[in-house]
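Reader: I have a new structure to read. Please take me through it step by step.

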Amino acid sequence: YRIGQLYMISKHSHEQSDRGEGVEVVQNEPFEDPHHGNGQFTEKRVYLNSKLPSWARAVVPKIFYVTEKAWNYYPYTITEYTCSFLPKFSIHIETKYEDNKGSNDRIFDNEAKDLEREVCFIDIACDEIPERYYKESEDPKHFKSEKTGRGQLREGWRDSHQPIMCSYKLVTVKFEVWGLQTRVEQFVHKVVRDILLIGHRQAFAWVDEWYDMTMDEVREFERATQEATNRKIGVFPPAISISSIPLLPSSVRSAPSSAPSTPLSTDAPEFLSVPKDRPRKKSAPETLTLPDPEKKATLNLPGIHSSDKPCRPKLE
């Protein structure tokens, strides 16, 4: 799954990017933490102005991006999202992976004990996704892997399929602006849940593409795809350089540079282009029910917890 996750993130980012919109990779390199050990640090800029709801576009500038910083010490990762335009806005996600079907209810008991949580279970096969993201080829109910024999997933698949694992996430959203706090926090939790559901459906449906890859091969795929994605959204810094050695102690590392360092050479892989025509599926309307303004918002997604009302997903 570690390889599948890296593959899915790179390919998904490329598919969801277009000129001026998408995910720009600024930095991707080894990192050493005194407590968690060796890992990988990535910094990205997510340009998403056109994807914001109308009430949000009215108050943000046209050139708008969110900074994503992630520290991957698999099977534990930390991801943070911030925005310089909105200094009181942040998303903090802690992820832990375990070989079970989401049965560990105490996996985050040592974190944020004083915060109210809401637990969400994400079912990659049966939960509905926004209609615009639906593809029959990525539907776990219809997909069957040729290499592994896994699929098709039916109701109750978590109790019958092996091997199985769960991605547990503790998601905390903060937007400390009076009058908009609840609305923004609840909206962000909904978006995070949709992204996790879509991404993990794709990781399962793309298993035949990444199953035989080594870590070196998926890192090369990641590098080439990230360069292609930067070109696709109209960002032309030097190419991304992803290395696995040497690992330097955090105490002697300098601050992240604004852009990586090798000449661009890779065009977008043809198979990563987004098909213009895709099957449609009837899904629930994308409406947002706003909670009581007096309450905070934090979600726990199956394998996901959050601090204002967390949410928690179970994924294979």
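**Reading the fold**

Author: Start with burial: 51% of the 316 residues of the protein chain count as buried. Buried means under 20% relative accessible area, exposed means over 50%, and partly exposed lies in between, with a 1.4 Å probe and protein chains only. This is a predicted model: local features need pLDDT of at least 70, side-chain atom pairs count only at pLDDT 80 or more, and totals for chains, interfaces and linings use all residues. Residues are numbered from 1 along each chain as its sequence is written, and side-chain values use heavy atoms, with hydrogens and water left out.

Reader: How many helices and strands does the protein chain have?

Author: Helices (H or I, at least four residues) and strands (E, at least two) are DSSP runs, numbered from the N terminus. Here there are 5 helices and 7 strands. Their order along the sequence is α-β-β-α-β-β-β-β-α-α-α-β.

Reader: How do I read contacts in the protein chain?

Author: A contact means heavy atoms within 4.5 Å. Take the contacts with a separation of 6 or more: residues 24 or more positions apart account for 69% of them.

Reader: What span should helix α1 have?

Author: The expected span of a helix is 1.5 Å times one less than its number of residues. Helix α1 covers residues 2–15, 14 residues, and should span 20 Å. Its end C-alpha atoms are 20 Å apart, which agrees.

Reader: How many residues of α1 are buried?

Author: In α1, 12 of the 14 residues are buried, so the helix is largely enclosed by the rest of the structure. Among them are Ile-3, Leu-6, Met-8 and His-12. The buried residues of α1 pack against several elements, including β1 (22–33), α3 (181–205) and α5 (215–232).

Reader: How do I read aromatic pairs?

Author: Rings of Phe, Tyr and Trp (its six-membered ring) pair if their centres lie within 6.5 Å; planes under 30 degrees apart count as stacked, over 60 as edge-to-face and the rest as tilted. The count comes to 9 aromatic pairs. Take Tyr-7 and Phe-221: their ring centres are 4.4 Å apart and their planes are at 15 degrees, so the pair is stacked. Tyr-7 sits in helix α1 and Phe-221 in helix α5, 214 residues apart. Both Tyr-7 and Phe-221 are buried. Trp-210 and Tyr-211 form a tilted pair, with 6.5 Å centre to centre and 55 degrees between the planes. Trp-210 counts as buried at 10% relative accessibility, whereas Tyr-211 counts as partly exposed at 39%.

Reader: Which residue lies over the face of Trp-206?

Author: A charge sits over a ring if NZ of Lys or CZ of Arg is within 6 Å of the ring centre and within 35 degrees of the ring normal. Lys-11 lies over the face of Trp-206, 4.3 Å from the ring centre.

Reader: What about the nonpolar core?

Author: In soluble globular proteins, nonpolar side chains tend to be buried together. A nonpolar core is a set of buried Ala, Val, Leu, Ile, Met, Phe, Trp, Tyr and Cys residues joined through side-chain atoms within 4.5 Å. The largest core here has 19 residues; Tyr-7, Leu-153, Trp-157, Trp-210, Met-213 and Val-218 touch the most other members. Helices α1, α3, α4 and α5 each supply at least two residues of this core. Helix α1 gives the most, with 4 residues. A second, separate core of 18 residues includes Val-66 and Tyr-134.

Reader: Which residues does Glu-209 touch?

Author: Glu-209 is in helix α4. Not counting residues up to four places away in sequence, Glu-209 touches Tyr-7 and Lys-11. Glu-209 is partly exposed, with a relative accessible area of 35%.
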